[in-house]
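Please look over the sequence and the structure shown below before reading on.

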Amino acid sequence: MTHARAPHLRAAVGATAALLLLAGCASQSATESSAHPLRDYLERIQVAPAEEDQRETNARIEEATARCMTELGFEYEPSVDSGGFVVASADELDPSSPEFMRTYGYGVSTNPWGEPSEYEDPNQEYRDSLSESQLDAYQDALYGEPVDVDAGDTDATFDWTKSGCSGRAFHEVIGEDAGFDDPEVNAVMQAQARIQGEAAESPAVRDTLGAWVDCMGSSGYDFETKDDPRNRIQADMDALWAEMPQDLSENDASTWKPDPTKLSDLQAKEVATATADADCSAESGYDAALAEEVRQREAAYVAEHRDELEALVARYADR
């Protein structure tokens, strides 16, 4: 359990959308023959809005945020390029693909989606003028008070009432029916995640792990489970972040970065490890076994819940 400030709304929406909601549309016949029948339904349920519509939505959220902050006695300049309400398109990078792994590793230290440094916050000067206590009050007003975050809680949902002016603005513009927090859609997403986990633990997939371990050993890696490579890279990355001085102000802490030489070394290690992982996953038969187990389980879920899934497709058809 960690004590953390409520995440920036833009990042929460962007990250959730990027990892879970791919844009696209597929026919029922294509879904039935697909390697991912259930994921195809999710793609049909939540389709990315046009870029112009996204920018208009961002602008309205920013304006609503400014009104709210003004009511609370703070200055807030709406951003004309917040990069906020964005949904990934079908050609976005797929972190689970061998191509991604051979180029970016696991996406832990490499940050393949780029740094957000191009964004210039129009409120930075005002933030810098505030004392530490005033800045805390400003952050609480904008994002909500600090909350306890359980990293293992996969059922947690966004609560706009506890997310400050940014949450209030999102609710005012988007409303209750944004799609991300639709309980029925969330249930389908959770089912998809559960299927992936169950498939990975199936006998057919586990039977390939010995060959994967041997292959990785031949490449110089001592791993026992498929989670080990990424977990070790994540531990190395956490160690780099742990080097951040503890006495930094909130502003300085937000811009602090790990030592560039150490980070570069870790990035090279990550890509090399993930490349061996991708190669051995294919050579051992792990990838093929997992794909087939996922396909069978998703197809079974779709067959059992087709009416509910089609109803969700119809509900979001015009959004």
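Which residues does Leu38 touch, not counting residues up to four places away in sequence? In this predicted model, where local features need pLDDT of at least 70 and side-chain atom pairs count only at pLDDT 80 or more, while totals for chains, interfaces and linings use all residues, the contacts of Leu38 (heavy atoms within 4.5 Å) are with Val188, Ala191, Gln192, Ile195, Glu298, Tyr301, Val302 and Leu309. Residues are numbered from 1 along each chain as its sequence is written, and side-chain values use heavy atoms, with hydrogens and water left out.

Leu38 also belongs to the largest nonpolar core, a group of 15 residues in which Leu38, Ile45, Val185 and Val188 have the most contacts. The elements that contribute two or more residues to this core are α3 (37-45), α9 (183-200) and α15 (286-315). A nonpolar core is here a set of buried Ala, Val, Leu, Ile, Met, Phe, Trp, Tyr and Cys residues joined through side-chain atoms within 4.5 Å, and buried means under 20% relative accessible area, exposed over 50% and partly exposed in between, with a 1.4 Å probe and protein chains only. Helices (H or I, at least four residues) and strands (E, at least two) are DSSP runs, numbered from the N terminus.

Cys68 leads on to the disulfides, each a pair of cysteine sulfur atoms within 2.5 Å, of which the count comes to two. The sulfur atoms of Cys68 and Cys165 are 2.0 Å apart, and the torsion about their S-S bond is about -70 degrees, so this disulfide is left-handed. Because Cys68 lies in helix α4 (residues 51-71) and Cys165 in helix α8 (residues 164-174), the pair ties together parts that are 97 residues apart in sequence. Both Cys68 and Cys165 are buried.

In the disulfide of Cys215 and Cys280 the sulfur atoms are 2.1 Å apart, and the link is left-handed, with -75 degrees about the S-S bond. This pair joins distant parts of the chain, with Cys215 in helix α11 (residues 209-218) and Cys280 in helix α14 (residues 260-283), 65 residues apart. Cys215 is buried, with a relative accessible area of 12%, and Cys280 is buried with 2%.

Glu120, in the loop between α5 (98-104) and α6 (124-128), is exposed, with a relative accessible area of 69%. Its C-alpha atom is separated by 8.7 Å from that of Ser79, and Glu120 and Ser79 are 41 residues apart along the chain.
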